[in-house]
Amino acid sequence: MNEFIYPYDINLNLAHIQTKLAEKVIKKDLSSNIDKVVGVDVSFSRDERAVAAAVIIQVKNLTIIEESTKEVEISFPYIPGFLGFRESDAVISVLNDLKHDYDAIMINGHGILHPRGFGLASQVGLFLDKPTIGVAKRLIVGNLKKGDESSDRSVLLHNKISGALVNGYYVSVGHKISLKKAVNLVKETSIFKTPEPIIKSHILATQTYKKIIKQ
DNA sequence: GCGACAG
DNA sequence: ATCTTGTCGC
């Protein structure tokens, strides 16, 4: 079953929506300091049942402030470039259950480092009107810029810097944050290779999924 | 036409 | 993403 053969006209419409919404993405810092960041991830199998997990972490000492999980329904297939339509509802749903507030959201997936500048992280950020950061293991678009000045390398998209490579992860602006601050936050929250908000939410989602769904 | 393609 | 045990290596 090839997910790539989703009705072409639907893809065109959704692609157009992404292109239009990408214009609304804010790529600079508006808020003050980011003290608390929440990581979110979704775990699922081949069916429509999935588990979304969120973990709020204090940036200062990387302690966990709150955790939340939620069983959700996934109805949209995985199509590269359209991950937002598959996972954003689940992500937003688990975030809405949190009691504590947070200053930024770290998401598994790209922000503006996307074919139409509107990845999952941007979609969630725009919808919730919150600062979001995209963190992904692999590129879907873009080229690594050679001749790096720091230890990190930049990722070029349409001849402009749209992301950065940090500890093997591609970081990009989701919404309402600068790339510089996004990169700093990823570094600040990294003890090991993977940023704490990302790995904590991933593990929580996976374990909860196995517990309540896979039984 | 061929290959690539976040999770 | 997920299906899956042992196993190679720092």
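Between which two elements does the loop that holds Lys176 lie? Lys176 lies in the loop between S9 and H4, where helices (H or I, at least four residues) and strands (E, at least two) are DSSP runs numbered from the N terminus. The phi angle of Lys176 is near 55°, a positive value in a residue other than glycine. Because its relative accessibility is 18%, Lys176 counts as buried, a word that stands for under 20% relative accessible area, with exposed for over 50% and partly exposed in between (1.4 Å probe, protein chains only). A positive phi, near 60°, is also found at Leu62, a residue other than glycine, and Leu62 belongs to the loop between strand S2 (49-58) and strand S3 (64-73).

This is a predicted model, in which local features need pLDDT of at least 70 and side-chain atom pairs count only at pLDDT 80 or more, while totals for chains, interfaces and linings use all residues. Residues are numbered from 1 along each chain as its sequence is written, chains are lettered from A and ligands numbered from 1 in the order in which they are written, and side-chain values use heavy atoms, with hydrogens and water left out.

In soluble globular proteins, nonpolar side chains tend to be buried together.

The largest pocket has a volume of about 720 Å³. On a 1 Å grid over the protein atoms alone, a pocket is an open set of points where a 1.4 Å probe fits, with protein on both sides within 12 Å along at least five of seven lines, and lining residues have an atom within 4 Å of a point. Of the 30 residues that line the largest pocket, Tyr78, Leu83, Asn108, Gly109 and Ala136 lie nearest its centre. Strand S1 (36-44), helix H2 (83-96), strand S5 (132-136) and helix H5 (196-214) each give at least two residues to this lining, which divides into 15 nonpolar, 11 polar and four charged residues.

The structure also holds two aromatic pairs, and the rings of Phe, Tyr and Trp (its six-membered ring) pair if their centres lie within 6.5 Å, with planes under 30 degrees apart counted as stacked, over 60 as edge-to-face and the rest as tilted. Phe76 and Phe85 form a tilted pair, with 6.0 Å from centre to centre and 45° between the planes. Phe76 counts as buried because its relative accessibility is 13%, whereas Phe85, at 23%, counts as partly exposed. Ring pairs link Phe76, Phe82 and Phe85 into a cluster.

Charges also sit over rings, which requires NZ of Lys or CZ of Arg within 6 Å of the ring centre and within 35 degrees of the ring normal.

| Charged residue | Ring | Distance to ring centre |
|---|---|---|
| Arg86 | Phe44 | 4.4 Å |
| Lys130 | Tyr102 | 4.6 Å |

Two further residues complete the account. Lys20, in helix H1 (residues 8-22), is partly exposed, with a relative accessible area of 42%, and its C-alpha atom is separated by 9.7 Å from that of Gly117, 97 residues apart along the chain. Asp89, in helix H2, is exposed, with a relative accessible area of 60%.

Definitions and conventions:
Grid points are joined across faces, edges and corners, and a volume is the space filled by probe spheres set on the points. Ala, Val, Leu, Ile, Met, Phe, Trp, Tyr, Cys and Pro count as nonpolar, Asp, Glu, Lys and Arg as charged, and the others, Gly among them, as polar.
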